[in-house]
Amino acid sequence: MTISDLVSRLTKVKKTGKGFNALCPAHEDKSPSLSISEGSGGKILLKCFTGCSTDSILNAIGLEMRDLFPDGPFTPIVRLNGNGSHMAPKDANAPKMIDAVYEYKDADDNILYEN
């Protein structure tokens, strides 16, 4: 999604030096309190100066967090040792899928570090 696509879903949009201001869709806004700008790599940055979370802003206009990134969805990085997983934005510098995680343990079976 582009910043233009996102601002087309908002009201009382005004161009500013580095981006846009608009009414925040997550609360009853009478004066534009939402700042929209473009960050590195084309990602879209949102800031409600009243304190609304990015998730609540996106939910109010039918979008998801992945829509703020130019390549769309997040690329999962899965840890195969059963300790869970985390998400990273998809970009040229993002880590690739992990094939394996090796645990190094002490004599009492405590994990010292992983590689």
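Some ground rules before we start. Residues are numbered from 1 along each chain as its sequence is written, and side-chain values use heavy atoms, with hydrogens and water left out. Because the model is predicted, local features need pLDDT of at least 70 and side-chain atom pairs count only at pLDDT 80 or more, while totals for chains, interfaces and linings use all residues.

Let's begin with the sheet. Helices (H or I, at least four residues) and strands (E, at least two) are DSSP runs, numbered from the N terminus, and two strands pair if DSSP finds at least two bridges between them. Here 4 strands form an open, antiparallel sheet in the order E1-E2-E3-E4. E3 and E4 run antiparallel and are joined by 5 bridges. Within that pair, Leu 34 stands opposite Cys 48 in E4.

Leu 34 also brings us to the core. A nonpolar core is a set of buried Ala, Val, Leu, Ile, Met, Phe, Trp, Tyr and Cys residues joined through side-chain atoms within 4.5 Å. Buried means under 20% relative accessible area, exposed over 50%, and partly exposed in between, using a 1.4 Å probe and protein chains only. The largest nonpolar core has 18 residues, and those with the most contacts inside it include Leu 10 and Leu 34. Helix H1 (3-7), strands E2 (19-22), E3 (34-38) and E4 (44-48), and helix H2 (54-60) each supply at least two residues of this core. What does Leu 10 touch, leaving aside its neighbours within four places in sequence? Its contacts (heavy atoms within 4.5 Å) are Ala 22, Leu 23, Pro 25, Leu 34, Ile 36 and Ile 61.

Now for a hairpin. Strands E7 (residues 103-105) and E8 (residues 111-114) pair in the antiparallel sense over 3 bridges, and Tyr 104 stands opposite Tyr 113 in E8. There are 5 residues between the strands, and Asp 109 takes a positive phi near 70°.

Last stop: charges. Side chains of opposite charge can pair when their charged atoms come close. If a salt bridge is a side-chain nitrogen of Lys or Arg within 4 Å of a carboxyl oxygen of Asp or Glu, the count comes to 1. Arg 66 forms a salt bridge with Glu 64, with the closest N and O atoms 3.2 Å apart. Arg 66 is partly exposed at 37% relative accessible area, and Glu 64 is partly exposed at 43%.
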